[in-house]
Amino acid sequence: MSNAKPVVLLAEELSPATIEALGDGFEIRQTDGADRAALLPALAEADAVMVRSATQMDAEAIAAAPKLKVIARAGVGLDNVDTKAATQAGVMVVNAPTSNVISAAELTCGHILGLARNIAPANRALKDGEWKRSKYSGVELFEKKLGVIGLGRIGGLVAERMKAFGMDILAYDPYVTSARAAQLGAQLVDLDELLEKSDFITIHMPRTPDTMGMLNADAFAKMKDSAFVINVARGGLIDEDALHQALVNKQIAGAAVDVFVKEPSTDLDFFVHDNVVVTPHLGASTAEAQEKAGVSVAKSVRLALAGDLVPDAVNVAGGHVNEDVRPGIPLIEKLGRIVSSLAKDSLTAVEITVAGEIANQDVKVLELAALKGIFSGHTSEQVSYVNAPVLAEQRGVAVNLKTTTESDAFRNKLTVLGATSSGDQVSVTGTLTGPRQVQKLIGVDDYELEVPLTEHMLFARYQDRPGVIGTFGQILGGNNVNIAGMQVSRNVAGDALVVLNLDSATPEGVQDEMKEKIGATVVSEIDLED
C-alpha cells in the first residue's frame, strides 16, 4: 500500500501563509503555469493544482492531469478555468468568492472621492508643471445622492462606508428587501429613479446577458449632467462606446472604471477624457485580498483531498454526501434558479421540502444547493455553498428546510417555495426518474407537469383558449428558435401554464411579443446550463 502524499501543484507564486494553510500532509511541487510546455507535464501527477490568473486550466490542461481532483483559483473570477470541462472530468473547482469584497469596496470609495475632488487630473497637471487650482475645483459628498446598483456584499459595504460621509443612499436591487436596504441606510428605488436622482452611480451587478451594457445610452440620457459613474465590478456592465459619447456630449460629469470588456485595455476611446479615471483591474489587488484568497483556497484543497464537503466548490459539492442524496444537488439548484426567475418581487422567505426515501438522510446540502440556485446570477458575488446562507441572511430572507418520508407518485420529490415582498408565492417541484436519474420538473404552483429540465426553458402563463399554442410556434419560429419540447397544464380556474424546451435562447423582444399577442401575464426565460 502506497504511503505517498497527495501532490499539490503550485502553478503560480502564492504567499507563505497559503503554503502554511495547506499543512504538511501534501507533497508541494511548483511550476510556471504561464509556460505551457512546463505546465502540462507537471500536471500528470497532480492531485490538486493551485492557480491565480496567469495559468489557463482549459480542457487540454485538465486532460493532461488524470489524477486531478481539484483546481483551486486563488481569487474570485474563474475566467482562466474551464469549469464545464472540469465538471465533465469529475474535477472540483474552488475559488475564494469573498476574499476581495473589502478591497473592491474600498477602491470604489476611493474612486468616488477621487472623482468628487478631481484628484487624478489635478495630480497629473501639477506634475506637468501646471498650477490649475480653479480648474479642478470639486464638489462635497455631504448630502449628495449615491446610487448603488446591486446591493450585495460589495454594494452594501460601499453604502455603509459612504453613508459615513453624509451621503444619501439610493439602491436598486430586485433581489433585496426594503428591510435589508434600511439596515444599510439605503432607500430602495426603481432603476430609472436612481439614474435620474443620483449624483454618483456605482454598479455592483453580476455579468450576465441581462446586465451586459446595463448602463447604456438610454441610461446616460436619464442621468444628471453633473453625475459621476463608477464601475469596479465587471467589464461590460457599462457600454464603453455609450460612455464615450455621453462624455463627449457632456451628459455626465465624469467616470471611474476599473474593469473592461477586453483586458488588458490601454487605449479605449473614453480614456482621452480628462474627467475619466481608469485603473487596471485593481479591485482585488491588495496584499490582504491576495493572502485571504490563497489561504481560503488552501483550506478548500485540504477539504477536497480529504473527501469532506467543500463550501466554496463552484461546480460540485464534494464530501460526505449520501449517494442517494447527491443526484438531487444539481436538480434542486436548478429549481432554485426557476423560483428566482418566476418571482415578480424580492424574496422574503424560502421553504425547501424534501419528500420521499432520501428524507431519512442528512439533506442539509440540498438546502444549500437551493439557495445557491436562487442567488446565482442575481448578485455580483460568486455564489457558493458557504455564502448562499449568508446572502439569504443579508437580504432578510428566512429559510426553512422540511423533510417527510411521504411522497405520492414519485420515489422522491424536491420542492422550493419562495414568498415575495408583495405577498405572492412561487413553488416549483422536481424529481429524478429512471436509471439515468433524468431531472424533471413536475409542478409549478398549482400546475401539474412532467417536463425534462434542459438548458433553455421558457415559461408563460395565460388564459387558456384555442389558437394560443400555434401563436407560440409562430413567434418562436419567426425568430428562428426551435421548440424541442412543450407541455401545457391548466389549473382549476382555467388558466394555463406552458413550459417550452428550446434549442437556443430567444432574441431580445420575444417575451414582449408573447405578452402582446397572447396576453401572457408571466413570461420568463431561464438558462439552466450546468
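A residue counts as buried under 20% relative accessible area, as exposed over 50%, and as partly exposed in between (1.4 Å probe, protein chains only). Ser15 is buried because its relative accessible area is 18%.

This is a predicted model, in which local features need pLDDT of at least 70 and side-chain atom pairs count only at pLDDT 80 or more, while totals for chains, interfaces and linings use all residues. Residues are numbered from 1 along each chain as its sequence is written, and side-chain values use heavy atoms, with hydrogens and water left out.

Helices (H or I, at least four residues) and strands (E, at least two) are DSSP runs, numbered from the N terminus. Ser15 sits in the loop between strand 1 (7–10) and helix 1 (16–22).

Helix 11 spans residues 240–248, and its buried residues are Glu240, Ala242, Leu243, His244, Ala246 and Leu247. Among the elements that cover them are helix 10 (217–222), strand 11 (254–257) and strand 12 (276–278), where contact means heavy atoms within 4.5 Å. After helix 11 comes Lys250, with a positive phi near 60°.

| From | To | Distance |
|---|---|---|
| Ser15 side chain | Thr18 side chain | 2.9 Å (polar contact) |
| Asp239 side-chain oxygen | Asp241 backbone nitrogen | within 3.1 Å, at the start of helix 11 |

Key. A polar contact is a pair of N or O atoms within 3.5 Å; within protein, one must be able to donate a hydrogen and the other to accept it, and residues adjacent in sequence count only if both atoms are side-chain atoms.
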